[in-house]
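Please read the following note with the sequence and the model side by side. The points are numbered so that each may be checked in turn.

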Amino acid sequence: MFKIISILFFVIIVGVILFWITPTNKSDLYVITGNKNKFSEIKKVLSIVKQLDIDLVEIQEVDAKKVIEAKLLEALKYKKGEFIVEDTSLYISALNDLPGPLIKWFVEKLGCDGLANLIAGKKNKKAIAKTIFGYAKDKNNISFYEGVTEGKIVSPLGSNGFGFDSIFQPDGSDKTFGEMAKEEKQQFSMRVKALKKLKNDINIKTS
């Protein structure tokens, strides 16, 4: 009888150990963007991510985190999975930190030339590029990760990249993002800085 109980106890212990060490099926991780260049930059750092190109309502708000959170909550209603949403802002000192999170609309309406011309006569060309990623495991678990690159606004140079890349020259370089190859841009990128924080946190939570 003692031998049978010992065997049963051993089987239970082994079962518990196998339960804890066997990996569970993780939800897919999606980044919501229709921009293939942006997705390519993200994929280089976070290889497990998948692209999801859907239109989500973007609230008109100067607080980037509120914009991101609203999008994540909408995405969680769309399908099962974990989601990443990015918001990139450009704060130009001479414009009292405008356009900020509204940079996408400024570039669409004015173009990079027009945006650079707004401060053509100003001595202060300083600008801060900031990327914030929001990561949602579910509606009650939303985290934010921020990356910042300081630099200045210059006349458009280079045809690489996207968005405001051609007019933003990061500190420590004599090139705009638009003049840099992808590998060089990654050394200065605010997006990469934020992504590395996100990747590290996901690895800690899932390890």
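1. Strand 1 and strand 3 run parallel and are joined by three bridges. Strands are DSSP runs of E with at least two residues, helices are runs of H or I with at least four, and both are numbered from the N terminus; two strands pair if DSSP finds at least two bridges between them. Leucine 29 has glutamate 82 of strand 3 as its bridge partner.

2. This is a predicted model, in which local features need pLDDT of at least 70 and side-chain atom pairs count only at pLDDT 80 or more, while totals for chains, interfaces and linings use all residues. Residues are numbered from 1 along each chain as its sequence is written, and side-chain values use heavy atoms, with hydrogens and water left out.

3. Strand 1 also pairs with strand 2 (residues 50–52), in the parallel sense and over three bridges. Here tyrosine 30 has lysine 50 of strand 2 as its bridge partner. Between strand 1 and strand 2 the chain passes through helix 2 (residues 36–45), and this β-α-β crossover is right-handed (with the strands pointing away from the viewer, the path from the first strand over the helix to the second runs clockwise).

4. Which way do the residues of strand 1 (residues 29–32) point? Leu29 and Val31 point one way, Tyr30 and Ile32 the other way, and all are buried. Buried means under 20% relative accessible area, exposed over 50%, and partly exposed in between, with a 1.4 Å probe and protein chains only.

5. Helix 4 (residues 103–117) deserves attention. A kink of about 100° is centred on glycine 111; the bend at a residue is the angle between axes fitted to the seven residues ending there and the seven starting there. The buried residues of helix 4 include Ile103, Val107 and Cys112. Its buried residues pack against strand 3 (82–92), strand 4 (98–100) and strand 6 (141–153), where contact means heavy atoms within 4.5 Å.

6. Most residues other than glycine have a negative phi, and most peptide bonds are trans. Leucine 98 and proline 99 are joined by a cis peptide bond, with omega about 0°, and proline 99 lies in strand 4. In the loop between strand 3 and strand 4 is asparagine 96, whose phi is positive, about 55°. Asparagine 96 counts as exposed, at 70% relative accessibility. Aspartate 97, in that loop, has a positive phi near 70° and is partly exposed, with a relative accessible area of 43%.
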